[in-house]
Amino acid sequence: MTAFSTIGVLAPALLSAFVATAGAAPTPAAAAPDLYGFCRQVKNDDTIRPYSHELYNGTVKAFKKLFPDAKSTPREQELQTQANYRCMNGKVLACFVGANLPCAKMNAARDNPGADEFCKTSPNADVVPAFATGHDAVYSYKCASGKAVVAGRSWALDKRGFASKLWTEVPKLRGRRQRTLP
């Protein structure tokens, strides 16, 4: 095999490895075990980070604080799909995404094109549903003669623009062993 044919054989593999590396998401500013230290250092970072098993115990405590009436502790798989983290005031905060529970920064604009469109087809609706306004809308709307009207405020915001009642601190539990998966 000549050098050219060897390169020809290896080129697709090298190219795909390069593309996979170049197209990969950037490494988070902090790995999960050091997220506490990272948040202490940067104070505020609105980057939403996915669940990490290294934060399991604190995440469960945060879940119980936000959902005190929950019948059970969420399973690992549920946390993987629902738990998110960010930094605020030097602390790690958690939010658990769900139906009508947005963990993203909220849309605080009073004008809402989705509500406007909905009201064109339902001119006197008492409520404009979240699928029309967007789940991140701060305000709730109703329709009056085909126009969207602010009916109230659905979410109070924290200083960073997130729904304050959906986020809580993830306590750093000292001296406890991390739960391991079976």
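Predicted model: local features only at pLDDT ≥ 70, side-chain atom pairs only at ≥ 80, totals over all residues.
Me: How many aromatic pairs does the ring rule give here?
Reply: The count comes to five aromatic pairs.

Me: Take F67 and F96. Why is that pair called edge-to-face?
Reply: Two cut-offs do the work: centres within 6.5 Å make a pair, and planes over 60 degrees apart make it edge-to-face. The ring centres of F67 and F96 are 6.2 Å apart and the planes sit at 70°, so both tests are passed and the label is edge-to-face.

Me: And what makes it a link between distant parts of the chain?
Reply: The two residues are 29 residues apart. F67 is in the loop between α3 (56-66) and α4 (76-82), while F96 belongs to strand β3 (residues 91-96).

Me: How do you know whether F162 and W167 are buried or exposed?
Reply: F162 has 1% relative accessibility, so it counts as buried. W167 has a relative accessible area of 7%, again under 20%, so W167 is buried.

Me: Which residue lies over the face of W167?
Reply: That's R86, at 4.4 Å from the ring centre; the distance part of the rule asks for within 6 Å. R110 lies over the face of Y139, at 5.0 Å from the ring centre.

Me: On to the largest pocket. What is its volume, and which residues are closest to its centre?
Reply: The volume is about 180 Å³. Of the 15 lining residues, A130, T133, A137, S154 and W155 are the closest to the centre.

Me: Which elements give two or more residues to that lining?
Reply: Those are α6 (130-133) and β4 (139-144). β4 gives the most, with three residues.

Me: How do the lining residues divide by type?
Reply: Nine are nonpolar, six are polar and none is charged.

Me: A144 is in strand β4. Why is A144 called partly exposed?
Reply: Its relative accessibility is 32%, which falls between 20% and 50%, so A144 counts as partly exposed.

Me: What is A144 in contact with, beyond its neighbours within four places in sequence?
Reply: A144 is in contact with P123, N124 and V149. C119 is 25 residues from A144 in sequence, and their C-alpha atoms are 7.8 Å apart.

Me: Back to the helices: which residues of α3 are buried, and what covers them?
Reply: The buried ones are Y56, N57, G58, T59, V60, A62 and F63. Their cover includes α4, β2 (83-88), β3 and β6 (168-169).

Me: And which are buried in helix α2 (residues 35-42)?
Reply: L35, Y36, G37, F38 and C39. What covers them includes β1 (45-50), β2 and β3. After α2 comes K43, with a positive phi near 70°.

Definitions and conventions. Residues numbered from 1 in each chain as written. Heavy atoms only, no water. Phe/Tyr/Trp six-rings, centres within 6.5 Å; stacked < 30°, edge-to-face > 60°. Helix = DSSP H or I, 4+ residues; strand = E, 2+ residues; numbered from the N terminus. Buried < 20%, exposed > 50% of the residue type's maximum accessible area, 1.4 Å probe, protein only. Lys NZ or Arg CZ within 6 Å of the ring centre and 35° of its normal. 1 Å grid on protein atoms, 1.4 Å probe; cavity = no way out; pocket = protein on both sides within 12 Å on 5 of 7 lines; lining within 4 Å. Points joined across faces, edges and corners; volume = space filled by probe spheres on them. Nonpolar A, V, L, I, M, F, W, Y, C, P; charged D, E, K, R; others polar. Contact = heavy atoms within 4.5 Å.
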